Amino acid sequence: LKYCSVAAARSMSGLRLVLTTGVPGPWSEAAKGIFHVKGIPFIPVGQESGGVNRELVDWAGVPNAPVAILDDEPPRDGWLDILLLAERLQPYPRLLPADSEGRIEVVGISSEICGEGGFGWCRRTTLMAQMPSPPDETQAASLTRLRTRYRCDREALDASQVRLAEIVSMLCRRLQIQRAAASPYLVGSALTAADIYWACFAALLNPLPYEVNPMPASVRERYRSSTPLLDKIKDPILFQHRDFIYANHLSLPLDY
Ligand SMILES: N[C@@H](CCC(=O)N[C@@H](CS)C(=O)NCC(=O)O)C(=O)O
């Protein structure tokens with residue numbers, strides 16, 4: 001992907017989407033997926049994972065990604081705000097059902113995947129809290145920044161492991177119930193945002209193969225690491241769902 005610098009993007013109008021560069025950050029991949037499905041064009045702007053990202057903080061108020069900035073509207077850096085913006089710019093295909101009950105289900109599941117204290121957040125905590133400090137000074141500083149930014153400390157570790165297991169079990173159960181009802185989707189019988197989020201966040205347990213996802217080997221190894229508890233819970237249906245969503249709704253190879 002050809003990224004625009006923050007300085008250049010700032011002087012443009014239209015939809016600018018700040019994305020983590022060089023790795024398939026699940027929140028960034030999901031934001032791209034949402035705009036892709038709706039056919040909404042955007043200007044990609046690069047964010048450095050673990051970096052200070054001073055210019056970005058000055059523009060968007062946050063150092064991380066994704067952030068969607070439309071014209072001179074306030075920057076949107078939360079997954080739900082980004083989704084609601086996409087729904088507004090191009091209502092079809094709907095990624096949130098029209099009925100309130102359906103929306104509750106999709107937003108609830110999505111929050112379990114993307115929200116603070118959800119799957120992505122807890123998986124990051126379990127991976128980063130246990131990482132040995134890298135010998136390289138720049139890498140060590142970047143890890144410290146990420147740990148502080150996302151509160152990945154030893155105290156959060158146990159609670160994160162419990163939440164992670166709970167959410168992964170819920171997703172497996174739900175996918176099995178849906179399969180029994182002949183739906184390949186997480187909610188109802190059509191694609192919703194929850195499917196895109198899970199397809200992208202599943203990488204934190206099992207990244208797509210190198211041919212379509214040439215991520216750094218060290219990050220891949222970390223994402224793939226498991227625990228006896230997770231091994232017991234992880235059902236292949238989690239990744240069958242992911243593969244179906246990529247094959248039918250998203251685009252490969254990943255481009256970050
Ligand atoms: N606030 C965001 C989540 C943002 C987030 O956790 N971003 C991470 C994962 S892509 C990130 O930018 N990490 C790299 C960094 O902080 O430098 C949302 O709710 O969508």
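**Before you start**

The model is predicted: local features need pLDDT of at least 70, side-chain atom pairs count only at pLDDT 80 or more, and totals for chains, interfaces and linings use all residues. Residues are numbered from 1 along each chain as its sequence is written, and side-chain values use heavy atoms, with hydrogens and water left out.

**Stop 1: the ligand**

The selection holds 16 residues. Gln47, Gly50, Ala65, Arg149 and Tyr150 are the closest. Colour this shell by class: five residues are nonpolar, seven polar and four charged. Here Ala, Val, Leu, Ile, Met, Phe, Trp, Tyr, Cys and Pro count as nonpolar, Asp, Glu, Lys and Arg as charged, and the others, Gly among them, as polar.

**Stop 2**

Next, look for pairs of N or O atoms within 3.5 Å, the cut-off for a polar contact. Pick Arg149: a polar atom of its side chain is 2.7 Å from a ligand oxygen atom. Move to Trp79, where a backbone N or O atom lies 2.9 Å from an oxygen atom of the ligand. Then pick Asp77, with a backbone N or O atom 3.1 Å from a ligand nitrogen atom. On its own the ligand has 510 Å² of accessible area, and the protein covers 88% of that (Shrake-Rupley method, 1.4 Å probe).

**Stop 3: the largest pocket**

Hide the ligand. The space it took is the largest pocket. A molecule sits in a pocket if more than half of its atoms lie within 2 Å of the pocket's grid points. A pocket is an open set of points on a 1 Å grid over the protein atoms alone, where a 1.4 Å probe fits, with protein on both sides within 12 Å along at least five of seven lines; lining residues have an atom within 4 Å of a point.

Show the 43 lining residues; Ser49, Arg124, Met128, Leu146 and Tyr150 lie nearest the centre. By class, 20 are nonpolar, 15 polar and eight charged.

Which helix gives the most to this lining? Helix 7 does, with seven residues. Helices are DSSP runs (H or I, at least four residues), numbered from the N terminus.

**Stop 4: the second largest pocket**

This pocket holds about 230 Å³ of space. Its lining has 13 residues, with Glu29, Lys32, Gly33, His36 and Ser251 closest to the centre. Helix 2 gives the most here, with four residues. The lining divides into seven nonpolar, three polar and three charged residues.

Notes
Near = heavy atom within 4 Å. Polar contact = N/O pair within 3.5 Å; in protein donor to acceptor, adjacent residues only side chain to side chain. Helix = DSSP H or I, 4+ residues; strand = E, 2+ residues; numbered from the N terminus. Points joined across faces, edges and corners; volume = space filled by probe spheres on them.
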